[in-house]
Amino acid sequence: CRVNGGGEPPKWFQDGMRAALLAPTAMNKQNFLIILDGETVKYEAKEGKYRNLDLGIVKYHFQTGAGL
């Protein structure tokens, strides 16, 4: 993950990251990046055959863990 502007991320973001790291991905590779930019969360995934599937899985787990 990356926190733009530095500093300690809020607890909800940390909880979401923990959940995202436990999420299964299509090829069991965690080829994603979650970015906190102010109060906005952005998701990126490296190129791959299952890129969109992995992004959906990771977003769901992050948002569930973060309580969003």
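Start by selecting helix α2 and strands β2 and β3: α2 lies across β2 and β3 and runs at about 150 degrees to β3. Contact here means heavy atoms within 4.5 Å. Axes are lines fitted to C-alpha atoms, for helices over the stretch in contact, and angles run from 0 to 180 degrees between N-to-C directions. Helices (H or I, at least four residues) and strands (E, at least two) are DSSP runs, numbered from the N terminus.

This is a predicted model, in which local features need pLDDT of at least 70 and side-chain atom pairs count only at pLDDT 80 or more, while totals for chains, interfaces and linings use all residues. Residues are numbered from 1 along each chain as its sequence is written, and side-chain values use heavy atoms, with hydrogens and water left out.

Next, select the sheet. Three strands form an open sheet in the order β1-β2-β3, with mixed pairing; two strands pair if DSSP finds at least two bridges between them. Strands β1 (2-4) and β3 are at the edges, each with a single partner strand, so one side of each has no neighbour in the sheet. From one strand to the next, the twist averages 20 degrees.

Now keep β2 (residues 32-37) and β3 (residues 40-45) on screen. They pair in the antiparallel sense over six bridges. Show L36 and its bridge partner in β3, V41. I34 stands opposite Y43 in β3. Two residues lie between the strands of this hairpin, and G38 takes a positive phi near 70 degrees.

Stay on β3 and show its side chains. In a regular strand the side chains alternate between the two faces of the sheet. Which residues form the covered face of β3? They are V41, Y43 and A45, while T40, K42 and E44 form the uncovered one.

Last, select helix α1 (residues 11-22) and helix α2 (residues 51-66). They pack at an angle of about 140 degrees, with their axes 7 Å apart. That makes α1 oblique to α2 (angles under 35 degrees count as roughly parallel, over 145 as roughly antiparallel, 65 to 115 as roughly perpendicular and the rest as oblique). To see the contact, show W12, F13, D15, G16, M17, A19 and A20 of α1 with V58, H61, F62, G65 and A66 of α2.

How values were computed. Buried < 20%, exposed > 50% of the residue type's maximum accessible area, 1.4 Å probe, protein only.
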